[in-house]
Amino acid sequence: MSDSEGNDSFSSALEAPSVNIRFPLAKAEKESLENKLDRIVWIQQTDSKYHKALEDMRDQTSISLLVEPSFYGRHQATSVLAVATANETYIFDIKALGRIFPELGKILEAEQPRKVVHYSHRIADHLHHQHGLTLGGICDSFVALCVARQERTPCSLPEAISLVFGLPLEDLLCEEVIGASESRRNFTNRPLSRSQLRYLAKMVQLQHLMHDRLIFDSICSEVQRMSLEFSHNYSGYRSCDVAINMHPSSRFGFHLIDPSYKRSDEGIMLPTPEEIDRQELEHKKSRK
């Protein structure tokens, strides 16, 4: 695996979207994000922090997941698992923990909470072959992005966040991610730097918010079906065949996504933060 290959996901040009899907972060959202980035929970053992994190995750309607290394599926061991809940960010050092233990595995396999992931086909393949887990309740932000943009262009998580929120890509990345050291870029070196931890937390938090923007008032069976089919993209393929289609710019399996679903000549109308807060409040009330 060459260093240049690892950078491919960040070197492709961000093409102009065919419909308007940009929605800048509100001041309150930026402040909330900064507050969350200041209290990242770094978990390296099954202590009280670990068990509190699992309790918080079980109590959520949806959580956001990020696995690093993220682009090579079954072909690299898990280094870190980042999770965003409504108020917290947990970064599990799987390299230090040794494995994903059953209590965490059960949460990942359950249908609830829903799991917001980007490029679920890679993450599902990784979890299945590295940990024997079948990721459940999948909501793929890349699938949602394809539907919103009405096209199927490869788009990494940082690129998608940059596109949806109108944030400069260079402001989202950290020096280690764009640097020449493969171990730093793939988060396999220890210790992780503060900028790496903040990058992971920023990605997993903004991934959650981005997905909510893209599917607002449209959490429908068709989008969930496409996410599920897309997540099984590599199922049944030999490792050698998977490796060929795991490069960052691969379009393997994109045919499973229908970008014309609910196409509108007027484009996508994005919600205001107040509308999202109101819908979340109504959803929480309905659960009581």
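Does Ser227 count as buried or exposed, and at what relative accessibility? At 2% relative accessibility, Ser227 counts as buried, where buried means under 20% relative accessible area, exposed means over 50%, and partly exposed lies in between, with a 1.4 Å probe and protein chains only.

## The model and how to read it

This is a predicted model, in which local features need pLDDT of at least 70 and side-chain atom pairs count only at pLDDT 80 or more, while totals for chains, interfaces and linings use all residues. Residues are numbered from 1 along each chain as its sequence is written, and side-chain values use heavy atoms, with hydrogens and water left out.

## The chain as a whole

The chain has 16 helices and 6 strands, where helices (H or I, at least four residues) and strands (E, at least two) are DSSP runs numbered from the N terminus. Of the 288 residues in the chain, 53% are buried.

Strands of a sheet pair through backbone hydrogen bonds, either parallel or antiparallel. Here an open sheet of 6 strands has the order S1-S4-S3-S2-S5-S6, with mixed pairing, and two strands are said to pair if DSSP finds at least two bridges between them. Strand S1 (41-43) and strand S6 (138-140) stand at the edges with a single partner strand each, so one side of each is left without a neighbour in the sheet. From one strand to the next, the twist averages 25°.

Strand S3 (residues 80-84) pairs with strand S4 (residues 89-93) in the antiparallel sense over 5 bridges, and these two strands form a hairpin with 4 residues between them. Within this pair, Ala84 has Thr89 in S4 as its bridge partner. S3 also runs antiparallel to strand S2 (residues 62-68), to which 5 bridges join it, and Val67 stands opposite Leu81 in S3. Because 5 of the 5 residues of S3 are buried, this strand is largely enclosed by the rest of the structure. Both of its faces are covered, with Val80, Ala82 and Ala84 buried on one side and Leu81 and Val83 buried on the other.

## Two helices that cross

Two packed helices are described by the angle between their axes and the distance between the axes. The axes of helix H9 (residues 157-165) and helix H13 (residues 194-214) come within 10 Å and cross at roughly 55°; axes are lines fitted to C-alpha atoms, for helices over the stretch in contact, and angles run from 0 to 180 degrees between N-to-C directions. H9 and H13 are therefore oblique to each other, since angles under 35 degrees count as roughly parallel, over 145 as roughly antiparallel, 65 to 115 as roughly perpendicular and the rest as oblique.

In this contact, residues of H9 including Leu157, Ile161 and Phe165 meet residues of H13, among them Tyr199, Met203 and Leu214.

Ser227 lies in helix H14, and, not counting residues up to four places away in sequence, Ser227 touches Ser120, Ile138, Cys139, Asp140 and Val143. Gln224 is also found in helix H14 (residues 221-231), but Gln224 is partly exposed, with a relative accessible area of 34%. Although Gln224 and Val143 are 81 residues apart in sequence, they are 9.0 Å apart in space, C-alpha to C-alpha.

Technical notes
Contact means heavy atoms within 4.5 Å.
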